[in-house]
Amino acid sequence: ASEGTVGGEGTGIASKAVAGDGGAALTKEAALDEVDAFVDSRNAEFDTSSLASLSAALTQPFKSGTGKIGDARKLRSIFCWITRNIAYDFDALSCISAATTD
């Protein structure tokens, strides 16, 4: 793995190159962007009827990566889906809080 700088000269953001699925070297940021793009492009297609089917669909493309790289991509895929599809319902939360303090 080689190291380089990402974000332009003088930013000081260091990056390590990692092997991609096709054997090409990717920066860590590019590898994460690849995972994010996968989730974004297929978000409406994921089967959300069960947690098992959702997690399988989110991690299946990244099973070829082994070790930390494959695990990081699987985790990123799940994280990405959660952050794009789950949100707090602040109105409901305030109703619950008000009801429990009365």
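## Overall layout

Along the sequence, the protein follows the pattern β-β-β-α-α-α-α. That amounts to four helices and three strands. The model is a predicted one.

Of the 102 residues in the protein, 20% are buried. The accessible surface comes to about 7000 Å², and carbon and sulfur atoms account for 58% of that surface. Among contacts with a separation of 6 or more, 34% are between residues 24 or more positions apart.

## The largest nonpolar core

Nine residues make up the largest nonpolar core: Val35, Phe38, Val39, Phe46, Leu54, Leu58, Phe62, Cys80 and Trp81. At least two residues of this core come from each of helix 1 (28-42), helix 2 (51-59) and helix 3 (67-85). Helix 1 gives the most, with three residues.

As a general point, nonpolar side chains in soluble globular proteins tend to be buried together.

## Phe38 and Ser77

Phe38, a member of the largest nonpolar core, is buried. Apart from its neighbours within four places in sequence, Phe38 is in contact with Phe46, Ala57, Leu58, Pro61, Phe62 and Ser77.

Ser77 lies in helix 3. Is Ser77 buried or exposed? Ser77 counts as buried because its relative accessibility is 0%, and the cut-off for buried is under 20%. With neighbours within four places in sequence again left aside, the contacts of Ser77 are Val35, Phe38, Val39, Leu58 and Phe62.

## Aromatic pairs

The structure holds three aromatic pairs. In one of them, Phe38 and Phe46 are edge-to-face, with 5.8 Å centre to centre and 65° between the planes. Both Phe38 and Phe46 are buried.

Another pair is formed by Tyr88 and Phe90, which are tilted: 5.8 Å centre to centre and 40° between the planes. Tyr88 counts as exposed because its relative accessible area is 68%. Phe90 is likewise exposed, with a relative accessible area of 58%. The cut-off for exposed is over 50%.

Key. Residues numbered from 1 in each chain as written. Predicted model: local features only at pLDDT ≥ 70, side-chain atom pairs only at ≥ 80, totals over all residues. Heavy atoms only, no water. Core = buried A, V, L, I, M, F, W, Y, C linked by side-chain atoms within 4.5 Å. Buried < 20%, exposed > 50% of the residue type's maximum accessible area, 1.4 Å probe, protein only. Contact = heavy atoms within 4.5 Å. Areas by Shrake-Rupley, 256 points an atom, 1.4 Å probe, with all protein chains shown as cover. Phe/Tyr/Trp six-rings, centres within 6.5 Å; stacked < 30°, edge-to-face > 60°.
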